[in-house]
Amino acid sequence: MNLPLYFKSIIWFADLKNITLKKNRDLILFQAFEKGRMEHLNYLEKKLGKKILYEFAKKSTSKFSRKSILPFLELMYRD
């Protein structure tokens, strides 16, 4: 399944037609957390669930340029 067109704003470097949530999940999550808006996060939450988003953020926290990302995601997605 292809992503909505608004994902082009955070995955500008690739052809969106070739990017899928199944094949490129980590890339999409990283870009959404790093550069995305709430519409990106809401879409991913609906497709993947809160737990997957939070676990990815915890696993990848050292890679984010903004250290405020994990505390924000804890508020949003931790059960």
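Phe30, Phe33, Phe56 and Phe64 come together as one aromatic cluster. Rings of Phe, Tyr and Trp (its six-membered ring) are paired here if their centres lie within 6.5 Å; planes under 30 degrees apart count as stacked, over 60 as edge-to-face and the rest as tilted.

Before going further, a word on the source: this is a predicted model, where local features need pLDDT of at least 70, side-chain atom pairs count only at pLDDT 80 or more, and totals for chains, interfaces and linings use all residues. Residues are numbered from 1 along each chain as its sequence is written, and side-chain values use heavy atoms, with hydrogens and water left out.

**The overall fold**

The chain has four helices and zero strands, in the order α-α-α-α along the sequence. Its radius of gyration is 12 Å, close to the 12 Å that the globule rule gives for 79 residues, so the chain is as compact as a globular protein of that length. That radius is taken over C-alpha atoms, and the rule is 2.2 Å times the number of residues to the power 0.38. Helices (H or I, at least four residues) and strands (E, at least two) are DSSP runs, numbered from the N terminus. Along the principal axes, the C-alpha atoms fill a box of roughly 30 × 25 × 20 Å.

Of the 79 residues, 39% are buried; buried means under 20% relative accessible area, exposed over 50%, and partly exposed in between (1.4 Å probe, protein chains only). Among contacts (heavy atoms within 4.5 Å) with a separation of 6 or more, 47% are between residues 24 or more positions apart.

**The core and its helices**

The largest nonpolar core has 25 residues, and Leu3, Phe7, Ile11, Ile28, Phe33 and Leu44 touch the most other members. Such a core is a set of buried Ala, Val, Leu, Ile, Met, Phe, Trp, Tyr and Cys residues joined through side-chain atoms within 4.5 Å. H1, H2, H3 and H4 each give two or more residues to this core. Leaving aside neighbours within four places in sequence, Ile28 is in contact with Leu3, Phe7, Ile11, Ile19, Thr20, Leu21 and Leu44.

In H1, the buried residues are Ile28, Leu29, Gln31, Ala32, Phe33 and Glu34, and their cover includes H2, H3 and H4. In H4 (residues 69-77), Ile69, Leu70, Leu73 and Tyr77 are buried. Seen down the axis of H4, these residues fall within an arc of 85°, so they line one face of the helix; the arc is that of the directions from the helix axis to the C-beta atoms. Their cover includes helix H1 (25-35), helix H2 (38-48) and helix H3 (50-60).

| Pair | Distance of centres | Angle of planes | Type |
|---|---|---|---|
| Phe7 and Tyr43 | 5.4 Å | 65° | edge-to-face |
| Phe33 and Phe64 | 6.1 Å | 80° | edge-to-face |

Phe7 lies in the segment before H1 and Tyr43 in helix H2, 36 residues apart, so to speak of this pair is to speak of a link between distant parts of the chain. Both Phe7 and Tyr43 are buried.

The pair of Phe33, in helix H1, and Phe64, in the loop between H3 and H4, also links distant parts of the chain, 31 residues apart. Phe33 counts as buried at 5% relative accessibility, and Phe64 counts as buried at 1%.
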